[in-house]
Amino acid sequence: MNVIKKVSLRNFRCHNEFELDCDRPTTLIIGENGSGKTSILEAIYLALRGKSFKGVDKEIIKRDADFYRAEIDLADAQKIIIRFNGSKKEFEIDGKKSLRLPKKNRYPVVLFEPDNIYLIKSSPSRRRDYFDELFKQIDDSYGVALSKYNKALKQRNDLLKNEDISKDDLFSWNVMCANYGAIIARKRVEYLFRINEDITDIYRDIAKNNDECSIKYLGEVCDENKYLEILETNFQRDLYLGHTSFGVHRDDYEFVFNDKKADGSASRGEMRCIILALKFIESKILEKETGKMPVVLLDDIFSELDEMRQKHLISNFKKYQMIITSTTVPVEMRVDKEL
């Protein structure tokens, strides 16, 4: 069951030297705010996904240090070492070095942060980022399409800042945005459909009621030709604005609760239950699509959950390796590390 056996850090955020043994299915790290709990999860995420969920490499280096090093021992005897010397980051896996974490070495992760509880009321960009990260873990081709779309979008937006351009100057970038944008929109709808198949049943199991919930995609799903037509029709508008006004980079997701917008109709407790249900579905989809048991990282979320929901959270994730941070000991768990 366990994926990670040991975590070793040097000059990583506030840690000079740090080691954590993860020899149990569930590891609990206790510490005050600012003691470096989240940094441990950040290092694990970096080793398994190839990037941080918090910041850039220069921000990770401990103050007054000129490098950081993170070493993760995996249960299959593999070792992942990440080094950053202030200018270059390097991954080393069993002696082989590379500038990026190879796709074959990436491992699925379910990350639960305190801010996730407020996803329903957050900005459209936060919701897009959340679902983009999930869909990239599920489907490598989604990540490729998103990366290529963003590069084409940047080129298009840069050109739109020049008042002397014509429609023809944008054509090649319009084609790329239309191609990859149509792919992204279709995949978003596809994966939301799978989430919506289960979210009400799981929500009811958590909340112990008969309410209904779902997630709606607020974006225009069209084929490549229609997408291209809209971009070309919007030329004068986009030129005036200086940026691209239509596309998947502006789409949003709406949480629906009993046929109404959840951010106006669901209580704080009900919204927590919706997000818990979403996280449980996330772990199941990742397991099915990747064929691997995801590692579950729970970052200081127990202060946002009552005891019943704490127990439900632990119970639903018990088949996976969990690494949990908290300021207090939740639901009578054993403390593995105190900072």
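Colleague: Which residue stands opposite K96 in β7?

Modeller: In this predicted model, I93 is the residue opposite K96 of β7.

Colleague: What makes β6 and β7 a pair of strands?

Modeller: Two strands pair if at least two bridges are found between them. Strand β6 (residues 89-93) is joined to β7 by three bridges, so the pair meets the cut-off of at least two. The two strands run antiparallel.

Colleague: Why is β7 called an edge strand?

Modeller: The sheet is open and has six strands in the order β2-β1-β4-β5-β6-β7, with antiparallel pairing. Strands β2 (15-21) and β7 (96-98) each pair on one side only, and they are the edge strands. On average, neighbouring strands of this sheet are turned by 10° against each other, direction ignored.

Colleague: Which helix packs on the sheet?

Modeller: Helix α1 (residues 37-49) does, touching β1, β2, β4, β5 and β6. The direction of α1 makes about 110° with that of β1.

Colleague: How do you know that β4 pairs with β1 and with β5?

Modeller: Strand β1 (residues 4-12) is joined to β4 by six bridges, and β4 is linked to strand β5 (residues 79-84) over six bridges. The cut-off is at least two bridges, so both count as pairs. Both pairings are antiparallel. I4 stands opposite L74 in β4, while R69 has R83 in β5 as its bridge partner. The hairpin of β4 and β5 has four residues between the strands, and A77 there takes a positive phi near 75°.

Colleague: What makes β4 mostly covered?

Modeller: Of the seven residues in strand β4 (residues 68-74), six are buried. Buried means under 20% relative accessible area.

Colleague: Why is E212 called partly exposed?

Modeller: The relative accessible area of E212 is 41%. Buried is under 20% and exposed is over 50%, so E212, at 41%, is partly exposed. E212 is in the loop between α5 (167-207) and β9 (213-218). Leaving out residues up to four places away in sequence, E212 touches T200, R204, V256, F257 and N258. The C-alpha atoms of E212 and T200 are 5.3 Å apart, although 12 residues separate them along the chain.

Colleague: Why are α9 and α10 called roughly parallel?

Modeller: The axes of helix α9 (residues 268-290) and helix α10 (residues 307-316) cross at roughly 5° and come within 11 Å. Angles under 35 degrees count as roughly parallel, so α9 and α10 are roughly parallel to each other. The contact is made by G269, C273, L276 and F280 of α9 with R309, H312, L313 and N316 of α10. Four of these residues are nonpolar, three polar and one charged.

Technical notes: Residues are numbered from 1 along each chain as its sequence is written. This is a predicted model: local features need pLDDT of at least 70, side-chain atom pairs count only at pLDDT 80 or more; totals for chains, interfaces and linings use all residues. Side-chain values use heavy atoms; hydrogens and water are left out. Buried means under 20% relative accessible area, exposed over 50%, partly exposed in between (1.4 Å probe, protein chains only). Axes are lines fitted to C-alpha atoms, for helices over the stretch in contact, and angles run from 0 to 180 degrees between N-to-C directions. Angles under 35 degrees count as roughly parallel, over 145 as roughly antiparallel, 65 to 115 as roughly perpendicular and the rest as oblique. Contact means heavy atoms within 4.5 Å. Ala, Val, Leu, Ile, Met, Phe, Trp, Tyr, Cys and Pro count as nonpolar, Asp, Glu, Lys and Arg as charged, and the others, Gly among them, as polar.
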